[in-house]
Structures are given as structure tokens and as C-alpha cells.
Amino acid sequence: MASDEAAPAVADVEVTAETITAIGPDLDTEGAEVIDAQGCIVAPGLIDSHVHLWQTPLRGAAADIWAGEYRSTVLPRRAFFRPADVYAGAAAGAAVMLAAGVTTVVDFCHALAGPEHARANVRALRESGIRAVHAHSLRVEEPGRFERDERFAFARELQQDEFKSGSEDLVSLMLAPTDLHTVGREVTAAEVELARALGVPMTFHTDYPGEVADLAGRDLLGPDMTLVHGNVVTDEELDLLAGAGASLVVTPEIEVGMGKPFSTLGRAVRSGVVTSLGTCLTSLVEMDIFAQTRLAYRMQRWIDAEGERSAGRWPLRRYDELRLLDSRRVLSMVTIDAARAIGQADRIGSLEVGKQADLILVDPGMVGMSVAGPEAHLVQSATRADVALTMVAGRVRARNGRALGIDHDRLAADLQATRLHVLATGDLVPQM
């Protein structure tokens with residue numbers, strides 16, 4: 001499912017240690033612990049390619065705002081986050097994601113007032129048991145505090161101290177360069193150079209016209225880059241992304257809910273850009289990647305239909321071409337394509353022998369599975385409430401809507417403490 005080679009429709013999945021070792025009907029279960037998945041969909045673990053987990057304690061803080069208001073209302077509150085607050089947000093966010101079927105998350109952490117904030121974020125992700133990418137922000141949040149040279153030095157230290165290669169470590173490192181429109185070209189080039197010197201991939205927001213062309217024109221664009229949003233990226237720039245092997249993350253609820261354009265997804269897919277999905281702002285939307293797949297699918301169909309109507313071709317005379325973005329393609333955006341984007345497609349993203357045992361069980365419930373098949377069911381019918389089990393690297397991390405091995409009461413108390421501390425700063429905080 002969501003791989004180049006489909007698994008059998010009805011089969012057992014054998015897991016040894018952290019690896020899928022066999023897939024097929026009627027496997028020998030003698031001496032094995034058996035998880036009864038009768039009637040369930042066994043699917044690859046879902047991947048959320050872009051989220052800011054530090055905002056988890058600020059649930060609803062971005063409600064009813066437009067895109068232009070985010071930078072003056074929600075984002076400045078990060079100045080008041082202590083390391084313990086960053087930890088609480090990441091720990092709680094990871095627990096929610098695991099319960100909702102997400103086995104891998106790219107956590108774009110740009111609430112880093114100092115080195116201990118970063119270490120707290122990494123520690124929370126690691127202790128949660130989720131597979132994660134700590135996307136380490138290089139953005140200077142407040143003049144005179146954790147300046148760029150300090151951030152560069154700490155990024156080197158962080159890689160050396162906190163991260164190691166190999167499947168035994170579920171948390172890996174990305175660098176998150178500063179939003180390109182807020183700094184000069186020299187800073188951007190230096191941040192890209194740092195990432196490549198460390199041998200780690202990059203992810204950054206791109207919300208302003210011409211950014212992709214500018215990167216390409218300076219020979220900075222490459223396969224180690226994942227751009228986020230891209231609402232104003234042109235068709236020519238999408239061709240540049242595809243040619244460079246760079247990837248794109250679309251966050252459907254954020255684009256639509258905050259009044260941004262939603263014109264990039266279908267164009268990116270048709271240009272051959274590796275495209276994935278993310279939830280982005282936990283201060284606005286729920287951590288539910290199923291909601292993103294459903295909205296992405298429905299919105300793109302509406303956009304395609306509008307194009308047909310405006311061209312006088314309704315009803316859908318280009319139907320075969322417009323079917324490019326079907327359920328299977330959308331599912332791949334939160335499985336194998338997302339894995340490709342973070343450079344881990346050889347380990348995760350599909351149910352294949354030899355890959356890590358990152359998988360979920362989705363219970364279709366009383367009504368049963370969609371007659372259109374499992375891919376259509378997962379994209380168009382399933383919700384996070386249907387996730388019966390989440391497994392990461394062969395270990396069950398959540399059952400029936402609840403993450404395992406976590407003190408939920410303590411975590412709820414920590415979140416409330418963070419919320420009260422940060423909101424006590426008032427509504428008017430300085431723009432950074």
C-alpha cells in the first residue's frame with residue numbers, strides 16, 4: 001500500500017525486533033505475540049512533514065486570525081517559552097500524533113531562545129517514542145539573544161552530541177534556515193553552507209514571490225531542501241524544484257483556514273515535485289493528518305473543476321488528466337513520498353520486508369471499509385479516532401486513541417502550567 005509494489009489484500013505482517021520480516025497469508029505464528037488485526041486496514045505509519053509542536057500549549061491561539069496577523073499575535077509568544085515549556089509542547093504533541101496514527105513527524109522548532117530549548121525539544125521527541133526529525137531553527141528570534149554565530153556553533157555541537165546514525169536512534173536532525181525574505185542573501189548562503197557542511201537536510205518556509213528562482217539562480221537549490229507552503233511558487237519555479245530534486249510540503253488547513261492561496265498542490269504533483277503534507281500550526285488546527293489528506297483531496301478536486309468550468313469544458317472533458325491526484329497519490333504524500341522528502345524512504349514509508357516496522361491499524365468500524373478500497377478509505381473516510389494501534393520500529397506506541405508509556409495527567413498539568421505562564425504575558429507583546 002502506497003508503495004511501488006502493493007502488498008497482498010489479506011495478509012499477515014511478521015515483525016522481528018524493529019523490522020518487517022515477512023508479509024503473506026497464513027504466516028507461522030508459533031512462539032510469536034499475535035496482534036489480531038482482523039477486519040482492520042494495516043497501513044504504513046503516517047508522516048507529518050511539517051508541524052510546530054512547541055505551539056501545542058497554545059491550542060486555539062490562532063483561531064479566527066488571518067495569515068497576516070499570525071506574526072504579530074501568536075509567533076511573538078515564543079519569546080516567553082522556557083525550556084520546560086518547549087518540552088511540554090513537543091511531548092504532548094508527539095503523544096497526540098502517535099495516538100492519531102502518525103509514526104514520523106518533522107518538528108520545525110523555531111521557539112529556540114537558547115541551547116537548552118533545543119535540547120529540551122530533542123529530549124521530548126526521543127522520550128515519546130515517535131520517529132522524529134528535529135528541524136533546528138537558525139532564525140535569530142530576539143536581537144542580542146542567541147545570535148547567529150552562537151546558533152551556528154550550537155548546531156555543530158548539537159549534531160555531535162545528540163545525534164548518531166543508525167536505526168537505533170529514532171530522532172534525526174534537520175536545519176531550518178531563516179525565512180528567506182527576512183534576511184540578506186549572504187545569511188541565506190551561510191546557513192545553507194552550514195547545513196551542507198554538517199551533512200544534514202534543510203527545511204524552510206517559502207511564502208514570498210521569487211524565492212525559489214533566487215535559490216536556483218545562486219546555485220543553492222538542491223535535493224537536500226524541503227520547502228514549506230509555496231503558495232506563490234510559479235510553474236517555472238516548480239520545474240526548478242523538480243529538476244533539483246527538492247521537495248515541497250503543503251499544509252492544507254493552514255492555507256485554506258488563514259486565507260492563503262491553495263493553488264500549488266496539483267501543479268506541484270503535475271510538475272513531478274515530491275510533495276508531502278503537514279499540519280503546521282497546532283495553535284490553529286488539530287493534529288490530525290487524516291484531515292489534511294481529506295481536505296487536500298477535496299480542495300484539489302474543486303480547483304480542477306473550477307478550471308474546467310472557467311475554460312468552458314464542464315463537465316470535466318479532461319477527466320483522465322485530472323485523476324492524477326487520486327486517493328492513492330494523496331496517501332503517498334503522507335507515507336512514501338514524505339519518507340523520500342526526508343531521505344528515509346529506504347527505511348520507512350511503505351509496508352515492505354526489510355523496512356522498519358512503522359505501521360498502523362485502522363478499524364473501519366461497524367459500517368466497514370470503503371468499497372473503493374483501502375487507499376480511498378484512509379484518505380476519504382478514516383479519522384484519527386479510527387486508529388486502533390500505532391507501532392514505531394516494532395514497538396506498540398499507542399492503542400485505541402491513547403499513547404502508551406506516558407503520564408497523561410502529568411503532561412496535562414505541564415501544558416496548563418505553560419499555557420498560564422505564556423498567556424500571562426498579555427495580548428500585546430513586541431514583534432520580533
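Is Cys280 buried or exposed, and what is its relative accessible area? In this predicted model, Cys280 is buried, with a relative accessible area of 2%, and the views below begin with this residue.

**View 1. Cys280 in strand E12.** Cys280 lies in strand E12, which spans residues 280-281, and its phi is near 70°, a positive value in a residue other than glycine.

**View 2. Asp219 in the loop between helix H6 and strand E9.** Although Asp219 is not a glycine, its phi is positive, at about 55°. The loop that holds Asp219 runs between helix H6 (211-217) and strand E9 (225-229), and Asp219 is exposed there, with a relative accessible area of 67%.

**View 3. The packing of helices H4 and H5.** Helix H4 (residues 148-162) packs with helix H5 (residues 185-198) at an angle of about 15°, their axes being 11 Å apart; since this angle falls under 35 degrees, the two helices are roughly parallel to each other. Their crossing is right-handed. From H4, Arg148, Phe152, Ala155, Arg156 and Gln159 meet Val187, Ala190, Glu191, Leu194 and Leu198 of H5, and the residues of this contact comprise 6 nonpolar, 1 polar and 3 charged.

View 4. The 14 residues of helix H3 (residues 115-128) reach 20 Å from the first C-alpha to the last, close to the 20 Å expected at 1.5 Å a residue. Just after H3, Gly129 adopts a positive phi of about 90°.

Technical notes: Residues numbered from 1 in each chain as written. Predicted model: local features only at pLDDT ≥ 70, side-chain atom pairs only at ≥ 80, totals over all residues. Heavy atoms only, no water. Axes fitted to C-alpha atoms, helices over the stretch in contact; angles between N-to-C directions. Helix = DSSP H or I, 4+ residues; strand = E, 2+ residues; numbered from the N terminus. Parallel < 35°, antiparallel > 145°, perpendicular 65-115°, else oblique. Left-handed = near helix turned anticlockwise from the far one by under 90°. Contact = heavy atoms within 4.5 Å. Nonpolar A, V, L, I, M, F, W, Y, C, P; charged D, E, K, R; others polar. Expected span 1.5 Å × (residues − 1). Buried < 20%, exposed > 50% of the residue type's maximum accessible area, 1.4 Å probe, protein only.
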